[in-house]
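Below is a short report on one protein chain.

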Amino acid sequence: MDEEAILKFVKKTGCVVTSGEHNKFGELGESVARLLITEYLAPQEFVVVNDSFGESETPDQLMTKYKLDPTDIVAAAQKVMERKK
């Protein structure tokens, strides 16, 4: 994880959204959160699977089911930008 790059862009934007196609525990967002709590406090939103077992469907169906599609990422970005005001 490029901590320097993450901090550079979080300082520029004042907030961050992390997204991943896996469980929210032990994923990239948690690593970013740990970095932010120690180096630069900023609002963060997570777009991840919320502690659920995976299922067999098409990738698009799974992205929609677990709220990981572009619409959800945009919604998280809008939410986090409101929090930084």
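Contact here means heavy atoms within 4.5 Å. On that basis, residues 24 or more positions apart account for 69% of the contacts in the protein chain with a separation of 6 or more. The model is a predicted one.

**Overall layout**

The protein chain holds 4 helices and 2 strands. Read from the N terminus, its elements run α-β-α-β-α-α. The C-alpha trace spans about 40 × 25 × 20 Å along its principal axes. The protein chain has 85 residues, of which 27% count as buried. Its accessible surface is about 5,900 Å². Carbon and sulfur atoms contribute 55% of that surface.

**Helix 1 against helix 2**

Two packed helices are described by the angle between their axes and the distance between the axes. Helix 1 covers residues 3–13, and helix 2 covers residues 28–39. Their axes come within 11 Å. They cross at roughly 65 degrees. Angles of 65 to 115 degrees count as roughly perpendicular. Helix 1 and helix 2 are therefore roughly perpendicular to each other. The crossing of helix 1 past helix 2 is right-handed.

Which residues in helix 1 meet helix 2? From helix 1 come Glu3, Ile6, Leu7 and Val10. On the helix 2 side they meet Val32, Leu35, Leu36 and Glu39. By class, the residues of this contact divide into 6 nonpolar, no polar and 2 charged.

Valine 32 sits in helix 2. Is valine 32 buried or exposed? Its relative accessible area is 3%, so valine 32 is buried. Neighbours within four places in sequence aside, valine 32 is in contact with Met1, Ile6, Val16, Thr18 and Gln44.

Glutamate 3 belongs to helix 1. With 43% relative accessibility, glutamate 3 counts as partly exposed.

Serine 31 is placed in helix 2. At 22% relative accessibility, serine 31 counts as partly exposed too. The cut-off for buried is under 20% relative accessible area.

**Distances between C-alpha atoms**

| Pair | Apart along the chain | C-alpha to C-alpha |
|---|---|---|
| Glutamate 3 and serine 31 | 28 residues | 9.5 Å |
| Serine 31 and aspartate 51 | 20 residues | 17 Å |
| Valine 32 and valine 74 | 42 residues | 19 Å |

Glutamate 3 lies in helix 1, and serine 31 in helix 2. Their C-alpha atoms are separated by 9.5 Å. Serine 31 and aspartate 51 are 17 Å apart, C-alpha to C-alpha.

**A backbone angle in a loop**

Where does lysine 67 lie? It is in the loop between helix 3 and helix 4. Helix 3 takes in residues 59–65, and helix 4 takes in 70–83. Phi of lysine 67 is near 55 degrees. That is a positive value in a residue other than glycine. Lysine 67 has a relative accessible area of 55%. Exposed means over 50%, so lysine 67 is exposed.

Conventions: Residues are numbered from 1 along each chain as its sequence is written. This is a predicted model: local features need pLDDT of at least 70, side-chain atom pairs count only at pLDDT 80 or more; totals for chains, interfaces and linings use all residues. Side-chain values use heavy atoms; hydrogens and water are left out. Axes are lines fitted to C-alpha atoms, for helices over the stretch in contact, and angles run from 0 to 180 degrees between N-to-C directions. Angles under 35 degrees count as roughly parallel, over 145 as roughly antiparallel, 65 to 115 as roughly perpendicular and the rest as oblique. A crossing is left-handed if the near helix is turned anticlockwise from the far one by less than a right angle, and right-handed if clockwise. Ala, Val, Leu, Ile, Met, Phe, Trp, Tyr, Cys and Pro count as nonpolar, Asp, Glu, Lys and Arg as charged, and the others, Gly among them, as polar. Buried means under 20% relative accessible area, exposed over 50%, partly exposed in between (1.4 Å probe, protein chains only). Accessible areas come from the Shrake-Rupley method with a 1.4 Å probe; for residues, only the protein chains shown count as cover.
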